[in-house]
Amino acid sequence: MEETSACDRLAADLRALREASRLTYNAITAQAKKQTPPLKLGGSKLSAWFSGKNVPKKDDDAAFRYLIQLLEPRAKKHGVTPKGIDWWRARRDEAAAERTPPAAPIKPAPHPTPPATTLPAAPPHAGDTAKAERLFRLLPLDGPWLRWLEDAQTMFKVPLTVSDLVCDAHRPWRRTYLTTLTLSCMTPMALSSPPWQPCAGS
């Protein structure tokens, strides 16, 4: 046997109570209008409550309470035991909770992604620079080895920690080497008779 809903049970209890009271919709509406202040219990509202189409709302509690207090004493005369307003309110709240849709889950706020930080490149170590300078003394200053090392394709053949270090150390060392070589070729006679010419091989 299929279990009935809370809304259907409330509607069935209200119908049984009204039938036992022998009151019609029009009689209930007329009695409600005589209250101070007058209560709105029209035929359409009563029909929706007794049929289960609508559930009495909590903000309409005054009208719902009057309905129960009006019907129960009259139904008692016909053998129906009064249950009290608290029992009826519990029935109403159960039916209202059944009609209320579940709240949508709250999505957590997305965490902002911190910006990527790029660490500055560390300068060449002094010991590594000295090793590179010793290598330059054994290789031609402007030989094809330097152009091959500076080529981007060599990153797959020589680690960047080696190629970058050698290329970076080569530039200042080359300037120092050329300056020293030029000064060594400048004799006192050449300095006294400008313009002087660099010696062969410079």
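The model is a predicted one, and two helix pairs are treated here, H1 with H4 and H2 with H3, together with the buried residues of H2. Two packed helices are described by the angle between their axes and by the distance between those axes.

**H1 and H4**
- Helix H1 (residues 6-21) and helix H4 (residues 61-76) have axes that come within 7 Å and cross at roughly 50 degrees, which makes H1 oblique to H4.
- H1 passes H4 in a left-handed crossing, and the contact is made by Leu14, Leu17, Arg18, Ala20 and Ser21 on the H1 side and by Phe64, Ile68, Leu71, Glu72, Arg74 and Ala75 on the H4 side.
- The residues of this contact divide into seven nonpolar, one polar and three charged.

**The buried face of H2**
- In helix H2 (residues 25-33), the residues Ile28, Thr29 and Ala32 are buried; seen down the axis of H2, its buried residues fall within an arc of 100 degrees, so they line one face of the helix.
- These buried residues of H2 pack against H1, helix H3 (43-51) and H4.

**H2 and H3**
- H2 and H3 pack at an angle of about 120 degrees with their axes 9 Å apart, and the two helices are therefore oblique to each other.
- The crossing of H2 and H3 is right-handed, with the contact made by Tyr25, Ile28 and Thr29 of H2 and by Gly43, Leu46, Ser47 and Phe50 of H3.
- The residues of the contact between H2 and H3 divide into four nonpolar, three polar and no charged.

Technical notes:
Residues numbered from 1 in each chain as written. Predicted model: local features only at pLDDT ≥ 70, side-chain atom pairs only at ≥ 80, totals over all residues. Heavy atoms only, no water. Axes fitted to C-alpha atoms, helices over the stretch in contact; angles between N-to-C directions. Helix = DSSP H or I, 4+ residues; strand = E, 2+ residues; numbered from the N terminus. Parallel < 35°, antiparallel > 145°, perpendicular 65-115°, else oblique. Left-handed = near helix turned anticlockwise from the far one by under 90°. Contact = heavy atoms within 4.5 Å. Nonpolar A, V, L, I, M, F, W, Y, C, P; charged D, E, K, R; others polar. Buried < 20%, exposed > 50% of the residue type's maximum accessible area, 1.4 Å probe, protein only. Arc of directions from axis to C-beta.
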